[in-house]
Amino acid sequence: MSGLDDPDAVFAALVAAHADLDDASSRRLDAMLVLLLAHEVGDTARVMAAIAEARRLN
Amino acid sequence: MGYVPPRFAVRPSLDDGARHRVIVVGGGLVGLTVALDLAQRGIGVVVLDEDDTVSDGSRAICFAKRTLEIFDRLGLGQRMLEKGVQWNTGRVFNGSREVWHFDLLPEPGHAFPAFVNLQQYYAEQWLAEACAASGLVDLRWKHKVVAVEHSDAGVALRVATPFGEIGLTADWLLACDGARSFIRESLGLPFIGQVFRDRFLIADVVMQAAFPPERWFWFDPPFHPGQSVLLHRQPDDVWRIDFQLGWDADPELEKQPDRVRARVRAMLDAMVGPDTAFALEWVSVYTFRCRRLARFRHGRILFLGDAAHQVSPFGARGGNGGVQDADNLAWKLAAHLHGTAPEALLDSYDAERIPAADENILHSTRATDFITPKSPAARAYRDAALRLAAAHEFARGFVNSGRLSRPCVLAGSKLSTPQGGHVLPPGAPMPGAPVPDAPVLRDGVPTWLLSCLGTGFTVLYFGPPEAAPAGALVVSPIAAPGVLWDRDGLAASRCGAESGHVVLIRPDQHVAAHFPAHDPHALESARRRALAS
């Protein structure tokens with residue numbers, strides 16, 4: 001269950017952050033987000049599990 | 001004054017058909033190191049090398065702290081320290097901005113810095129001189145192995161010499177003949193791994209420039225856009241510059257002096273201005289690989305250095321890894337030849353150095369993947385890490401311009417006595433790890449812990465001398481005759497030792513066992529274990 005109280009706003013902000021970016025910039029922005037959030041999670045096992053889960057569903 | 005390479009004397013050939021206990025093939029950095037180490041342990045060695053001089057160019061260049069400690073044990077440490085450029089700091093740039101810098105040895109109280117930069121030819125020349133002076137190394141230059149035949153009884157070689165072809169037999173053959181090892185290829189042994197689709201230009205440039213003695217690494221600098229550049233300072237006003245060129249570069253074209261000069265000129269104009277003159281000393285274009293043999297011991301043939309494993313240059317793990325191979329093997333082979341250890345001890349060379357090679361290959365592969373991203377996603381992550389690192393300390397951990405060589409801790413080696421219930425403090429060397437150095441005083445004279453260790457096994461006792469077991473080297477908190485006075489407490493704290501602790505140290509200065517108290521039976525059993533007996 002998500003601990004985010006306004007998932008719609010988070011989703012919209014993620015999409016909006018990519019406005020006007022070309023593919024490479026968009027990709028880099030996502031990569032920065034992933035690294036920042038991985039740092040926020042601060043737990044190698046949880047980050048690895050998230051990578052595996054994303055890969056499984058992709 | 002530039003370096004003038006020596007021409008080693010080519011002496012009339014060895015007796016045709018002669019048998020020798022140890023033959024080293026390849027008189028380069030690793031071959032000469034293992035020959036010297038064996039000689040210092042009383043073992044006569046024949047070294048065969050197809051050339052009669054040292055290697056050209058800076059090549060291995062960065063000698064790590066542990067390697068310097070090994071060379072110090074062999075008597076060359078001070079010379080390397082005096083001639084070499086000592087450095088501890090690395091800087092990483094993205095574009096023209098410094099992203100961060102790191103200090104690889106942030107504490108005082110060490111005999112050697114994190115690294116010394118020195119052209120490989122100096123190290124080879126000094127090793128060759130020391131080998132010759134030992135009286136136990138028979139250096140045979142212009143002796144090229146042209147055939148090898150291996151059996152349980154020995155290794156038969158055909159050797160082309162200026163005086164005709166001869167046959168030699170070795171009880172033990174040490175293959176130190178480099179990445180293109182003739183011995184390895186003759187035996188048809190697979191050398192498996194990865195080739196990186198990238199090309200690098202290395203230039204040794206002679207100039208007087210005011211860069212500090214640091215490792216500087218640029219991602220995408222304005223003077224070489226879209227690629228990386230690495231700069232190292234060496235002795236004799238020689239600078240080593242590695243330019244990433246990309247896979248599509250034409251190696252022959254890129255080696256042309258005018259083209260290299262233009263690249264160096266662009267860099268100097270950007271960094272120090274147009275007035276700095278320079279000359280090219282050595283230029284090479286290479287593609288690198290990370291690969292190794294499945295096993296390093298094949299019966300009576302042992303492979304060392306690049307003949308056994310190859311890494312990319314980022315991390316300085318090639319030459320340093322090879323010297324550590326020599327350090328690991330020499331005492332084992334000497335112990336076996338002296339009759340104090342069974343042949344099984346030689347299998348531990350495989351068991352200890354293969355994980356070490358894998359660690360070097362892993363770090364070197366990751367660094368290479370970071371420097372040369374293989375996909376748009378890899379590229380995005382790399383650029384993201386670089387941008388974040390300039391603003392956030394946490395992200396610096398992601399930036400990989402080469403994880404620089406660290407001594408291998410030989411975790412899980414069967415030669416080590418398991419620590420059991422006695423827990424060592426964090427950072428202390430577990431059995432298998434090399435003993436950390438520390439300043440001590442012996443009879444009032446400042447010296448270093450590692451300098452006081454014997455060439456054989458050493459029993460180190462921590463505590464006041466009156467309680468020390470006979471035959472132990474005493475690291476004492478108080479001054480007393482003959483002891484190592486640990487005035488600053490650094491020897492004990494770095495070894496994780498309290499009063500009464502006993503540490504058994506192998507001839508290669510790695511910890512074999514660490515006991516919380518003296519127990520003669522446990523100590524003897526640890527010594528036997530370390531000799532695979």
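1. What radius of gyration does chain B have, with its 533 residues, beside that of a compact globule? Chain B has 24 Å, which agrees with the value near 24 Å for a compact globule of 533 residues, where the radius is taken over C-alpha atoms and the globule rule is 2.2 Å times the number of residues to the power 0.38.

2. This is a predicted model, in which local features need pLDDT of at least 70 and side-chain atom pairs count only at pLDDT 80 or more, while totals for chains, interfaces and linings use all residues. Residues are numbered from 1 along each chain as its sequence is written, and chains are lettered from A and ligands numbered from 1 in the order in which they are written.

3. Leu453(B) lies in the loop between α11 (449-452) and β24 (458-462) of chain B, helices (H or I, at least four residues) and strands (E, at least two) being DSSP runs numbered from the N terminus. Leu453(B) has 19 other C-beta atoms within 10 Å and is therefore partly exposed (buried means 20 or more such atoms, exposed 12 or fewer, partly exposed in between, with C-beta atoms placed from the backbone).

4. Between the chains, the axes of helix α2 (residues 23-41) of chain A and helix α10 (residues 376-391) of chain B come within 8 Å and cross at roughly 60°, axes being lines fitted to C-alpha atoms over the stretch in contact, with angles from 0 to 180 degrees between N-to-C directions. α2(A) and α10(B) are therefore oblique to each other (under 35 degrees is roughly parallel, over 145 roughly antiparallel, 65 to 115 roughly perpendicular, and the rest oblique).
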